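Hi there,

Here is the structure I promised to pass on to you. Have a look at it first, and then read my notes below.

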Amino acid sequence: MNAKFEEKLTADLDALKAAGTYKRLRHITTPMAPEVHMEEAGDVIVLSSNNYLGLADQPEVIEAGKRGLDRYGAGTASVRFICGTFDVHRTLEERIARFLGTSAALTYVSCWNANTGLFPTICDEGAAIVSDELNHASIIDGVRLASKARRERFRHSDMRDLEAKLHAVQGAFPIVVATDGVFSMEGDLAKLPDIVGLAKRYGAIVVVDDSHGTGVMGKTGRGTIEHYGLTGEIDIITGTLGKALGGAAGGFIAGGDALIDTMIQRSRPQLFSNALPTTVACSALAAIEYLDAHPELVRRLHENVAYFRDGLLRLGYHPLEGESAIVPIIVGETAAAIAMSDKLLRRGVFVTGFGYPVVPEGTARIRVQMSAKLTREEMDRALAAFKQVGIPKVT
Ligand SMILES: Cc1ncc(COP(=O)(O)O)c(C=O)c1O
């Protein structure tokens, strides 16, 4: 490697280390579950995974993946339109559409790919995108790729600002309002009823990325849209199969037939990147079936969220308010969040600290994520660790 370049990278990394913001990878040697074995820390309780329903190590989900491997082999060795579409892709896509109440759906290897494929495909010259400022990075990057469209950001969940921005882009077509369903770093829900109302008034379409809402929100886990009783009212839903729905990987776009056909024809990750591995398609399909047969998992997740939030409050912590399975505790500087995460890990609790640039400077946080499979005993043990570590002073 070019020595000067290597030196520059090393100096940048040293600066991260000096600032206490350097991220270290932890190595897990057992399946993702409420408790895992970690090379660096031994057996730990996981409060950092998106395994909201605990389906990542559900036997039916694992078995389906194994059967997929036996039946289809390792993968498609191709992009979808060349020769990369197996029948299970169609079955999964029909199942996702039925699950979410849309007429069609299309899978991608990740929701990152879905979001970065979506916006440039539907928003050309003359279009406008109005996006919540705290949307996930994949929406932000997707919107950036729609470089010919007019792009506006509205203040987080500020409906007056959204309306002002919609007013400003009148005349564009299409006008697209983009929002997370559950905001990944805040854990709060988008104000979808208001957003849908404003979108109707301004002739805009609504895109909801419900990656952290799917499997979590709503009585049956169909997400933030079900939570608000808005099934059938959202033009485009994107989401991941890499969180509640099996946790392997994969994402999707769900919406109308013409939208999905357009994505097949023109969306670049579909045209230039391999299909979702069939093992993952099979296990994700099994995860949706399992969730449909076990709605009590969603109820248990909601109970666990309430129990853990209550426990944190009793210890004097002040997590951000919210109804989702994400419970963030603001600690201030990035180094404080990383230090708290390290202290918790030494006490057998794995919960990641997030700092700049993932969240705005000065709002670093510990992000607790709950799972339906955590037992009361595990949650009590985790709360005892939070008690020992103590509340950091917000700097
Ligand atoms: C809101 C949101 N959208 C998209 C993604 C990306 O999902 P994937 O891992 O499937 O690329 C995430 C992952 O963290 C997310 O939180």
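Let's start with D132, which sits in strand 4, spanning residues 128-132. Please keep in mind throughout that this is a predicted model.

What is the nearest side chain of opposite charge to D132? It belongs to K191, 8.5 Å away.

**Salt bridges**

Side chains of opposite charge can pair when their charged atoms come close. Across the whole structure, the search finds 19 salt bridges. Here are some to look up in the viewer.

E93 pairs with R80, and their closest N and O atoms are 2.9 Å apart. E93 is in helix 4 (residues 87-100) and R80 is in helix 3 (residues 80-83), so this pair, 13 residues apart, links distant parts of the chain. Both of these residues are buried.

R222 and D292 also form a salt bridge, again with 2.9 Å between the closest N and O atoms. R222 lies in the loop between strand 7 (205-209) and helix 9 (224-227), while D292 is in helix 12 (residues 278-293), so the pair ties together parts that are 70 residues apart in sequence. Are these two residues buried or partly exposed? R222 counts as partly exposed, at 23% relative accessibility, and D292 is partly exposed too, at 30%.

R299 and E303 meet in a salt bridge at 3.7 Å, N to O. They are four residues apart in helix 13 (residues 296-314), so about one helical turn separates them. R299 is exposed, with a relative accessible area of 52%, whereas E303 is partly exposed at 39%. Salt bridges that share partners also join R95, R222, E289 and D292 into one network.

**The ligand**

How many residues surround the ligand? There are 13, and the closest are C111, D209, H212, T240 and K243. This shell is made up of two nonpolar, eight polar and three charged residues.

One is 2.8 Å from a polar backbone atom of C111, and a backbone N or O atom of W112 lies 2.9 Å from a ligand oxygen. From T240, a side-chain N or O atom is 2.7 Å from an oxygen of the ligand. On its own the ligand has 390 Å² of accessible area, and the protein covers 81% of that.

Enjoy exploring!

Notes. Residues are numbered from 1 along each chain as its sequence is written. This is a predicted model: local features need pLDDT of at least 70, side-chain atom pairs count only at pLDDT 80 or more; totals for chains, interfaces and linings use all residues. Side-chain values use heavy atoms; hydrogens and water are left out. A residue is near a molecule or strand if one of its heavy atoms lies within 4 Å of it. A polar contact is a pair of N or O atoms within 3.5 Å; within protein, one must be able to donate a hydrogen and the other to accept it, and residues adjacent in sequence count only if both atoms are side-chain atoms. Accessible areas come from the Shrake-Rupley method with a 1.4 Å probe; for residues, only the protein chains shown count as cover. Ala, Val, Leu, Ile, Met, Phe, Trp, Tyr, Cys and Pro count as nonpolar, Asp, Glu, Lys and Arg as charged, and the others, Gly among them, as polar. Helices (H or I, at least four residues) and strands (E, at least two) are DSSP runs, numbered from the N terminus. Buried means under 20% relative accessible area, exposed over 50%, partly exposed in between (1.4 Å probe, protein chains only). Lys and Arg count as positive and Asp and Glu as negative; His and the chain ends are not counted. A salt bridge is a side-chain nitrogen of Lys or Arg within 4 Å of a carboxyl oxygen of Asp or Glu.
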